[in-house]
Amino acid sequence: MSNMLSVYRSVYALYILGNNIALGKPTKQLTTYNPYTSERAVDGDYIEWLPGVYGCTHSNDSHTSELSWWAVDLEGHYKVTHVVIYNRISSCSEWLQNYDIDVIEYSKRFGDKWATFQKGRTSLCHYQQPVSLLMNATCPPDVKGRFVRIKRRSNAFPLCLCEVEVYGELITNMTEESNPYDTKAYGFPGKVYNGLFLQKMVARSEIECTNQCIRQIGCCAGIYNKVTKECSLMSKSDNNEETTHSFHEDDDCSTFLI
């Protein structure tokens with residue numbers, strides 16, 4: 001198993017240049033199934049399991065109804081170009097599917113970082129639906145932030161990560177983000193915005209849906225379905241800022257333009 005991982009690593013090393021900026025950095029996960037703690041995903045150890053060695057993380061979803069997540073603090077803002085994730089091989093590899101890789105900007109105004117880091121502006125690097133033993137995600141251009149978060153879209157399986165590598169360039173002139181709560185949103189009850197779909201998630205309220213759109217780079221509209229409790233994030237249908245926003249009718253939904 002370890003030899004197989006070494007081969008995978010050598011192949012990907014041909015394509016990914018620079019240092020793994022996540023190695024040894026502070027980590028956090030929503031829940032922990034002991035002893036599979038969060039820092040095991042950035043310890044540089046690709047061995048999944050040996051007697052007395054637990055090389056992967058493992059969430060404990062029985063302790064929460066929140067969608068499981070794992071995050072690393074890069075301790076600086078980076079333009080993130082690639083995120084590489086190593087899955088379990090010997091067993092339960094099917095668990096690692098249907099998740100987002102997010103890059104989150106952070107302001108010291110938020111206070112305690114692990115309690116508030118998810119308030120930062122969020123850019124989606126990659127959504128992974130199928131199972132992959134080794135996944136190399138290339139982020140869209142200009143994705144930047146201090147935290148990289150891996151978050152499930154459902155808790156059908158525990159979140160297990162054997163190793164996470166992050167590659168990117170340090171941003172030396174990063175300025176403080178404006179307060180996201182100063183952003184204005186305009187509501188359109190009974191309307192669905194006709195744009196390009198970015199992401200869908202469960203939200204507890206219209207306000208939570210709107211805040212998710214504010215934090216997502218490129219999002220211009222949050223559509224909240226009060227029946228299904230789903231929040232759909234949308235972008236403009238083209239890059240023309242003069243394009244008139246268009247809608248269609250749906251009594252179950254409300255759209256909030258950012």
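A disulfide is a pair of cysteine sulfur atoms within 2.5 Å. The model is predicted: local features need pLDDT of at least 70, side-chain atom pairs count only at pLDDT 80 or more, and totals for chains, interfaces and linings use all residues. Residues are numbered from 1 along each chain as its sequence is written, and side-chain values use heavy atoms, with hydrogens and water left out.

**Exercise 1. Disulfides**

Find how many disulfides the rule gives, and state the pairing of the bonded cysteines in sequence order.

Solution. 
- Apply the cut-off. The count is 4 disulfides.
- Number the bonded cysteines along the chain. The pairing reads 1-4, 2-3, 5-8, 6-7.
- Take Cys56 and Cys162. Their sulfur atoms are 2.0 Å apart. The link is right-handed, with 75 degrees about the S-S bond. The pair joins distant parts of the chain, 106 residues apart: Cys56 lies in the loop between β3 (53-54) and β4 (69-86), Cys162 in the loop between β8 (144-152) and β9 (163-170). Strands (E, at least two residues) and helices (H or I, at least four) are DSSP runs, numbered from the N terminus.
- Check burial. Buried means under 20% relative accessible area, exposed over 50%, partly exposed in between (1.4 Å probe, protein chains only). Cys56 is buried at 3%. Cys162 is buried at 2%.
- Take Cys125 and Cys139. The S to S distance is 2.1 Å. The torsion is about -90 degrees, so this disulfide is left-handed.
- Take Cys209 and Cys231. Their sulfur atoms are 2.2 Å apart. The torsion is about 75 degrees, so this disulfide is right-handed. Cys209 sits in helix α3 (residues 206-215), Cys231 in strand β13 (residues 230-235).

**Exercise 2. Aromatic rings**

Classify the aromatic pair of Tyr33 and Tyr36, then that of Tyr193 and Phe247.

Solution. 
- Set the rule. Rings of Phe, Tyr and Trp (its six-membered ring) pair if their centres lie within 6.5 Å; planes under 30 degrees apart are stacked, over 60 edge-to-face, the rest tilted. The structure holds 8 aromatic pairs.
- Tyr33 and Tyr36 are stacked: 6.2 Å centre to centre, 15 degrees between the planes.
- Tyr193 and Phe247 are edge-to-face: 5.9 Å centre to centre, 70 degrees between the planes. Tyr193 is in strand β10 (residues 186-193) and Phe247 in strand β14 (residues 247-257), 54 residues apart.
- Compare accessibility. Tyr193 is buried at 4%. Phe247 is partly exposed at 25%.

**Exercise 3. Strand β14**

Which strands do bridges join to β14?

Solution. 
- Strands pair if DSSP finds at least two bridges between them.
- β10 and β14 run antiparallel, joined by 7 bridges. Tyr186 has Leu257 as its bridge partner in β14.
- Strand β12 (residues 221-225) and β14 also run antiparallel, with 5 bridges. Tyr224 has Ser254 as its bridge partner in β14.
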